[in-house]
Amino acid sequence: MNRRHVIVVIFKSIVLLLSSNSFALSASKKNFKEDSYWKKILTPEQFKILRMSGTEPPFSSKLNNEKREGEYLCIACNTKLFHSSMKYDSGTGWPSFFDCYKSSLKTKIDFKLVYPRIEYHCAVCNGHHGHLFSDGPKPTFKRYCNNGKVLKFIAKM
Ligand SMILES: [Zn+2]
């Protein structure tokens with residue numbers, strides 16, 4: 001990746017961040033629960049993803065191929081994050097959505113790789129869910145690339 005490409009990526013990330021409906025520059029002042037609490041209710045893999053910003057291997061979640069109508073909830077706190085009508089097959093190996101329920105997710109810039117990415121987390125429990133990209137389909141052109149193992153799918157009855 002050359003310097004010009006890095007600048008373009010940074011610029012696109014900032015535009016995407018500002019356009020996301022849940023922009024938050026600083027950590028919320030909410031009184032989030034301690035790690036000891038989450039270790040009791042989450043599996044080690046869920047804890048790694050949600051509390052340590054981990055990433056599951058691609059194609060490892062059965063929700064990747066889930067096509068039924070229903071709701072996708074945060075597995076830690078049951079907040080509704082996505083509806084099945086927002087899901088699409090991105091081919092990346094992670095459940096992907098072009099939109100989310102308003103105010104259900106918050107975003108911040110993540111500098112873990114060479115270039116900045118936008119990470120997003122549950123607005124209620126602060127658990128990390130995935131990264132937001134600007135290569136999604138119409139009408140939003142957004143791609144919420146979510147770890148499937150931290151989602152709970154509730155099929156419509
Ligand atoms: Zn949550």
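1. In what order do the strands of the open sheet of three strands come? They run β2-β1-β9, with antiparallel pairing. A strand here is a DSSP run of E, at least two residues long, numbered from the N terminus, and two strands pair if DSSP finds at least two bridges between them. β2 (80-83) and β9 (151-155) sit at the edges with a single partner strand each, so one side of each has no neighbour in the sheet. From one strand to the next, the twist averages 30° (axes are lines fitted to C-alpha atoms, and angles run from 0 to 180 degrees between N-to-C directions).

2. Before you go further, bear in mind that this is a predicted model: local features need pLDDT of at least 70, side-chain atom pairs count only at pLDDT 80 or more, and totals for chains, interfaces and linings use all residues. Numbering starts from 1 along each chain as its sequence is written.

3. Now zoom in on β1 (residues 70-74). Three bridges join β1 to β2, and the two run antiparallel. Look for Leu-73, which stands opposite Lys-80 in β2.

4. There's another open sheet, of six strands, in the order β3-β4-β8-β7-β6-β5, again with antiparallel pairing. Its edge strands, β3 (87-88) and β5 (105-110), each pair on one side only. Two bridges join β3 to β4 (residues 96-97), and Tyr-88 has Ser-96 in β4 as its bridge partner.

5. How far to trust it? pLDDT is the predictor's confidence in each residue, from 0 to 100. The chain's mean is 89, and 87% of its residues reach 70 or more.

Definitions and conventions
Helix = DSSP H or I, 4+ residues; strand = E, 2+ residues; numbered from the N terminus.
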